[in-house]
Amino acid sequence: MTDGSPAPSRSTRLAYLDGLRGAALILMVVNHTARWWIDDPITWARYELIYVTLSIAAPTFLFLVGFCLPLARPGPAGSVDGFGALARRFVPRGARIVVAGLLLNVIVFADEPILSGGVLQTIGIAIMAMVPALWLLRFPWGSWALLAIAVLGYAAFVVMYPALTGFVAARPRLGLVVFYDFPPWPWLSLVLLGLVLGRAWLDAHRRSPEEGARFLRIAGAAGAVMILAFLVYDVWAHTPVRFGMKRDFILNRHWTPRGPALLWVLGMVLLPLATAYWVMERRGWRLRWLVLLGQTALFLYFVHQIIAYRLVAQWLGWRFDTWPTFWAANLVFVIALVGLGWAWRALKALAPPARGAISAWAARVRTARRSASPPPSEPA
């Protein structure tokens, strides 16, 4: 960073990554409210809004899982973590997120099996699955091997798609567990791509801030070219619905990009990544409310679905059948989520001192009891 900020050490949070995650959260909120708060009068525009927000928000979350993991590793720069140390750090974290996804099924999606897949489950599995990938990055050939695995994993999904369609039809309950709502296969390929690029950016930034900035400029330019290629292809091919799911893979009623849509997805990951860096690090626009949303994204992803679906859509039964009322309701909702994120962060800040005070009080109680108890009797 040419503004003089220090190079990030491991376990560092960077504002531009939190800001990008916060923007993805807003898009995910709009995606869900478009599904749950809108009725028939604006159905066609609703369909395109759902596609655009879906195809940007969830891939951004998954890409950032991989991109941020090299920053989350403990220890000083240049040190090497063993496989066991990586597993102890990341497996419990991933397991907790998987449990959070299952709990969300219980609270919000009670009409589906508890073990049904979801974005949170895939994120949690991805964090655990990236342990061997992080370990492989210690080798010079590790990044290329992981990129090859990512490409082969997606290609295998493309080849196996007809068989997978038959699999989920024949085994619907098992299909809901392993191939539902951004399943690990093939979406771990995007996480692997994020991991390799995150490590590459971190290495470049440690060599010099200017080199790290140049890396993201190239990534942003590549993303812009991909988006342009996607749009040009649609004009050339006379695609009837440019922002729609008919050209893509639909497995278990859920979407995976195919063909030109891959350019759109990858471009809308890389270009916003570079844009967030330029806006928040180079220009110094902190956008603290957006960073706050990103820092509390896991909590807010969980809570906003309870509010949007259980409370507003089901219990209150509210619908917003004109665009002005829909967008006004979303603005109020996002402001409320910023407030909830602030309160959650404040509670988390209070938790360690509270735990310390409780532990100290318990220790004093144990000491007092031991001092007050009578001495053991002498043996006869």
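A pocket is an open set of grid points with protein on both sides within 12 Å along at least five of seven lines. The legends below describe a predicted model.

**Figure 1. Overview of the fold.** The protein has 12 helices and two strands. Along the sequence, the pattern reads α-α-α-α-α-α-α-α-β-β-α-α-α-α. Of the 380 residues in the protein, 45% are buried. Five salt bridges are found in the structure.

**Figure 2. The largest pocket holds about 1,200 Å³ of space.** Its lining counts 34 residues. Arg 13, Arg 93, Ile 97, Gln 295 and Leu 298 lie nearest the centre of this pocket. Seven elements are named here because each gives two or more residues to the lining: helix H1 (15–36), helix H2 (43–68), H3, H4, H10, helix H11 (297–316) and helix H12 (323–372). By class, the lining divides into 21 nonpolar, five polar and eight charged residues.

**Figure 3. The second largest pocket has a volume of about 660 Å³.** It is lined by 28 residues. Those nearest its centre are His 32, Arg 35, Tyr 180, Asp 181 and His 254. H1, H2, H3, H4, E2 and H11 each give two or more residues to this lining. H1 gives the most, with five residues. The lining has 15 nonpolar, nine polar and four charged residues.

**Figure 4. One cavity of 30 Å³ or more is counted in the model.** The largest cavity contains about 40 Å³ of space. Its lining consists of Phe 157, Phe 179, Tyr 180, Asp 181, Phe 182, Pro 183, Leu 251, His 254, Trp 255 and Thr 256. Strand E2 (residues 254–256) gives the most to this lining, with three residues. Seven of the lining residues are nonpolar, two are polar and one is charged. Tyr 180, Asp 181 and His 254 line the cavity. These residues are also among those nearest the centre of the second largest pocket.

**Figure 5. A nonpolar patch covers about 630 Å² of the surface.** Leu 103, Val 106, Ile 107, Ile 114, Leu 115, Leu 174, Val 177 and Val 178 make the patch. Helix H3 (83–107) and helix H6 (172–178) each supply at least two of its residues. Ile 114 sits in the loop between H3 and helix H4 (119–136). The relative accessible area of Ile 114 is 48%, so this residue is partly exposed. Patch residues must have over 30% relative accessible area.

Figure 6. Asp 18 has a relative accessible area of 3% and is buried. Arg 21 also counts as buried, at 14% relative accessibility.

**Figure 7. Asp 203 and Arg 199 are joined by a salt bridge.** Their closest N and O atoms are 3.1 Å apart. Both residues lie in helix H7, four residues apart, so about one helical turn separates them. Asp 203 is partly exposed, at 27% relative accessibility.

**Figure 8. Arg 247 and Asp 234 meet through their side chains in a salt bridge.** The N to O distance is 2.7 Å. This pair links distant parts of the chain, 13 residues apart. Arg 247 is in the loop between helix H8 (209–237) and E1, while Asp 234 is in helix H8. Both Arg 247 and Asp 234 are buried.

**Figure 9. The peptide bond from Trp 185 to Pro 186 is cis.** Its omega is near 20°. Pro 186 belongs to helix H7 (residues 184–207). Most peptide bonds are trans.

**Figure 10. Arg 253 and Leu 287 have positive phi values.** Most residues other than glycine have a negative phi. Phi of Arg 253 is near 65°. Arg 253 lies in the loop between strand E1 (249–251) and E2. This arginine is exposed, with a relative accessible area of 65%. Leu 287 has a phi of about 50°. Leu 287 is located in the loop between helix H9 (260–282) and helix H10 (288–295). At 35% relative accessibility, Leu 287 is partly exposed.

Key:
Residues numbered from 1 in each chain as written. Predicted model: local features only at pLDDT ≥ 70, side-chain atom pairs only at ≥ 80, totals over all residues. Heavy atoms only, no water. Patch = residues over 30% accessible without salt bridge, like charges linked within 9 Å, V, L, I, M, F, W, Y side chains within 5 Å. Areas by Shrake-Rupley, 256 points an atom, 1.4 Å probe, with all protein chains shown as cover. Salt bridge = Lys/Arg side-chain N within 4 Å of Asp/Glu carboxyl O. Buried < 20%, exposed > 50% of the residue type's maximum accessible area, 1.4 Å probe, protein only. 1 Å grid on protein atoms, 1.4 Å probe; cavity = no way out; pocket = protein on both sides within 12 Å on 5 of 7 lines; lining within 4 Å. Points joined across faces, edges and corners; volume = space filled by probe spheres on them. Nonpolar A, V, L, I, M, F, W, Y, C, P; charged D, E, K, R; others polar.
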